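I opened the notebook with a few things to look up.

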Amino acid sequence: MEIPKDFSHYTEQLMGSTLYRILADALQQEAPVSIRTNPFKTIGRQLRIPLHRRPVAWCPNGTYLLSRPNFTFDPLLHAGLYYVQEASSMFLHAVLGQLTDRPVTMLDLCAAPGGKSTVARSALPEGSLLIANEPERTRANILAENISKFGHADVMVTNNYPRDFRRTRLRFDVILADVPCSGEGMFRKDPGAVAEWSPQNVEKCWRLQREIVRDIWPCLKPGGYLIYSTCTFNDKEDEQNANWIADELGATFVRIPTPTDWNITGSLTDANPMYRFIPGKTEGEGLFMAVLQKDGDGDDTGRGLKKLPRRAPDKDLPTEWLQQSEQFGFFIEQDEGFAIPERWQEAYLEARKALRLMTAGIHIGTRKGRNWIPGQELALSCSLRRDAFPTVEVTGDQAIAYLRKEAVTLPPDLPRGFTLLTFRGFPLGFEKHLGNRANNLYPSEWRIKSSHIPETNDQVIAL
């Protein structure tokens, strides 16, 4: 990799020659590979990770791998059992573990593709609501897909700019602003980040980042926490912006305990608690994070939301497809059925009214005439009632065919109707059994598009 000269000169002045040399050497090496397992789908299961090298110290579900398998052709990835994520980003798990000990309402403001959102949902106390937002529509679709595969009901996905949230009554205990940045921390993983880097882009980014935080600041409750992060190294987007938030918007830095053997670097410009992950020193890609608590007593409910009584389902909505359906309120929007945990129905109604809502709770299915077609989100939801459908266990080859949206032949003695396909006991999605053939109901936009089949593929998770 040819490092831009302007980047090299500026960063060496900022870091000092010794730390910069560690970084520069690491940028010429292959990036480490890591995954994070889904605790909601793997609980109670004995997992073995054949490629395991060692755990990620700051995230109990994180694992470094010995090598990079062909993840695309692993059905368990598509079933939501794990997420491929670089290890530094998993630090959010340790941060939220320090900040939250009761149910909270959290906003992940710039959430696509969904890695930090799924980290957050794993770390938040049960009963918390997470809103994962992405302003760019195409990326928001990817975010919604990854949240659906994760399978937790207490999540909404929105497609809005930060300022849009100010029109709502939604107020947050925690906001993660993982802001768009110049991407210096992704140089060795993404050659495009090197090609696109320039001093002018750094200038553009730090100004945009301040605008984003300023726009969302009124939606953070007094006493609430802003987690500000970038995947870049320069202090304009990092220390200078974090200090601007504290000084101009009114906040206090929060210190997160970090053992010395995690090898996290602190602020490079002052004594405020900040957290830098520098490749070569810490095993992962470049990450900067600062945690700030908004000034105030933390007891302001603003134009707060109230808890609504449980909303009874439409008489023909198939609530029997869910476990513990009595804990949900049910909504039908343009022939799409949704199950919303009753504790945050009012937040759902507020988001539906004022925001571009991509998905919320559990998408049960689509009404067609008098019948309901079960949705893919239902298949992958942790709240699916498995015995509501006939189930067929498929082989690895059949699973890949299904994920390519090819028809998988079902046993002839199977009852006609909707059938749940599983791989190693984990749901992949639905087919509709018609007797002499079956219709594949896997979403077209999710399908594996590659026609290649690897001769061998290392097993990521063994059960």
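**Cysteines**

I searched the whole structure for disulfides and found 0. The model is predicted, and I read every entry here with that in mind.

Cys-382 came next. Cys-382 is in no disulfide either, and the nearest cysteine sulfur, in Cys-59, lies 17 Å away. At 30% relative accessibility I list Cys-382 as partly exposed.

**His-363**

I located His-363 in strand S16, which covers residues 362-368. Is His-363 buried or exposed? I noted a relative accessible area of 14%, so His-363 is buried.

I followed the side chain of His-363 and found that it reaches the backbone oxygen of Gly-365 at 3.2 Å. I then set aside neighbours within four places in sequence and listed the contacts of His-363. They are Glu-336, Gly-337, Phe-338, Gly-375, Glu-377 and Leu-378.

**Lys-353**

I placed Lys-353 in helix H11, residues 345-354. Its relative accessibility is 64%, so I count Lys-353 as exposed. I also checked Lys-353 against Thr-168, 185 residues apart along the chain. Their C-alpha atoms are separated by 8.5 Å.

Conventions: Residues are numbered from 1 along each chain as its sequence is written. This is a predicted model: local features need pLDDT of at least 70, side-chain atom pairs count only at pLDDT 80 or more; totals for chains, interfaces and linings use all residues. Side-chain values use heavy atoms; hydrogens and water are left out. Helices (H or I, at least four residues) and strands (E, at least two) are DSSP runs, numbered from the N terminus. Buried means under 20% relative accessible area, exposed over 50%, partly exposed in between (1.4 Å probe, protein chains only). A polar contact is a pair of N or O atoms within 3.5 Å; within protein, one must be able to donate a hydrogen and the other to accept it, and residues adjacent in sequence count only if both atoms are side-chain atoms. Contact means heavy atoms within 4.5 Å. A disulfide is a pair of cysteine sulfur atoms within 2.5 Å.
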